[in-house]
Each structure stands twice: as C-alpha cells, then as structure tokens.
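Take a walk through this protein model with me. Keep the sequence beside you as you read.

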Amino acid sequence: MSEKKPFLDSQTYITLGYLTIVLIGMMFDYKYYNHFDINIFEYADILDFLLAPVKNFELILFAAASLIAVLIFFQVDKLWQGRWPKSYKRFNFGMSTNALKKYRLYIIVLSALAYLNLASEFYGDRMFKRFEEAPKEIEIVFQSDERVLKGKLIGKNADYVIMQTDDQAVKAIPVSSDVQEIIIHR
C-alpha cells in the first residue's frame, strides 16, 4: 500500500508564501504612494520589494492573520458541510458538492483578489493619514554646494528618498547623487 504524496512539498509552500507576502507588499506600497501620484515601480527595484516583508512588520502580521482566517474559514466550511448538509446546500444555492468543487477555485481567486485590493486600499489610506498627522521632517544636505532641502519624508528605498518639500512639491532624490547627508531629526 503506497502513501499518498502531498501536492506540494514544504519548501514550495514556504517559497509561495514568501512570494505572496512580496506581492502583498507591492500592492500596499503602490496604494500608499498613489496618494502622492507616485508610481513607486519607477523608483524601486526588485530588491526593495523582496526585502519588504523583513522591513515592514505590519505586512507580516497582515499575511499571518489572513492565513489564519482562511484556515479557520476552510475548517468551518468543512464542519458546516458535514454537520448541516441541508443548510449548506441551501446557502450554496442548491449546488451539489461536485459543482461547488468545479467553481471553488474561481471563487477563491476572485475573493482573494478583492480582499487584497480592499486591504491595500485600507493600508494606503491609513499610511497616508499617518503621514498627514505626524510627518517626519527631514533635511537633505547636498555635498557639491552644501544646499539643504527640507521637507516631510514620504518614504525611502535603496535608491531614492521620496519627500514632500515645504512648498508641497513631491521629490524623489537619488541617494547616489551628491547628497552628503540626510538629516531626519534636528
């Protein structure tokens, strides 16, 4: 008697989970920077997104809470189907279990995309509100002419510091330029 092999091995699940968190981080960043009319994909490279789960603890909490909620949902679904099949069938518009299996993947994918879109909208709005209420004031000092640029920090990555200057202009300053120092507090 042979044992049934799992569909995917544990390493594949870990990789898919990490890539999912990276994708969620990309969506969250896009929605936040979109408030400033910034296409973050023009200013970030792939490494910024690959490191997003490590840099953003809220992202890890969101992914873990979502995973736990999905697991609980599937357990409740299985319990409901087993204990109260009549109400389960009525709730699913009278579709048989085989018909549900046929459409389940489509329903799950569409639901996941809608959920991630709503969650990223919420995250982007929350981060924008946090920026408006208590922005971090920074100063950037250029090495070539000792010019100082003051403003509010919107975000930063490996290549750019993105800020809103005192005249409400949004600027992306390349870190590799002649920036001598970035003063976050004084």
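**Starting from one aspartate**

D77 is found in helix α4. Helices here are DSSP runs of H or I with at least four residues, while strands are runs of E with at least two, and both are numbered from the N terminus. This is a predicted model, so local features need pLDDT of at least 70, side-chain atom pairs count only at pLDDT 80 or more, and totals for chains, interfaces and linings use all residues. Residues are numbered from 1 along each chain as its sequence is written, and side-chain values use heavy atoms, with hydrogens and water left out.

Is D77 buried or exposed? D77 counts as buried, at 12% relative accessibility. Buried means under 20% relative accessible area, exposed means over 50%, and partly exposed lies in between (1.4 Å probe, protein chains only). Leaving aside residues up to four places away in sequence, D77 touches Y88 and R104. Contact here means heavy atoms within 4.5 Å.

Now turn to the charged pairs. How many salt bridges does a search of the whole structure find? The search finds three. A salt bridge is a side-chain nitrogen of Lys or Arg within 4 Å of a carboxyl oxygen of Asp or Glu.

One of them joins K31 to E121, with the closest N and O atoms 2.9 Å apart. This pair links distant parts of the chain: K31 sits in helix α1 and E121 in helix α6 (residues 97–133), 90 residues apart. K31 is buried, with a relative accessible area of 17%. E121 is partly exposed, at 34%.

E58 takes part in a network of salt bridges with R126 and R130. The side chains of E58 and R126 meet at 2.7 Å, N to O. R126 lies in helix α6 and E58 in helix α4, so this pair ties together parts that are 68 residues apart in sequence. R130 also meets E58 in a salt bridge, at 3.1 Å, N to O. R130 is in helix α6 and E58 in helix α4, 72 residues apart. E58 counts as partly exposed at 26% relative accessibility, and R130 counts as partly exposed at 39%.

Next come the rings. Rings of Phe, Tyr and Trp (its six-membered ring) pair if their centres lie within 6.5 Å; planes under 30 degrees apart count as stacked, over 60 as edge-to-face and the rest as tilted. By this rule there are twelve aromatic pairs. Among them is the tilted pair of F28 and F62, 5.1 Å centre to centre with 55° between the planes. F28 lies in helix α1 (residues 10–34) and F62 in helix α4 (residues 57–83), so the pair ties together parts that are 34 residues apart in sequence. Both F28 and F62 are buried. Elsewhere, Y32, Y33, F36, F128 and F131 form one aromatic cluster.

Finish at the surface. Y18, L19, I46, L47, L50, L51 and V54 form a nonpolar patch there, with about 640 Å² of accessible area together. Patches are made of residues with over 30% relative accessible area and no salt bridge; like charges are joined within 9 Å, and nonpolar side chains (Val, Leu, Ile, Met, Phe, Trp, Tyr) within 5 Å. Accessible areas come from the Shrake-Rupley method with a 1.4 Å probe, and for residues only the protein chains shown count as cover. Helix α2 (46–50) gives the largest share of the patch, three residues. L19 is in helix α1 and is partly exposed, with a relative accessible area of 47%.
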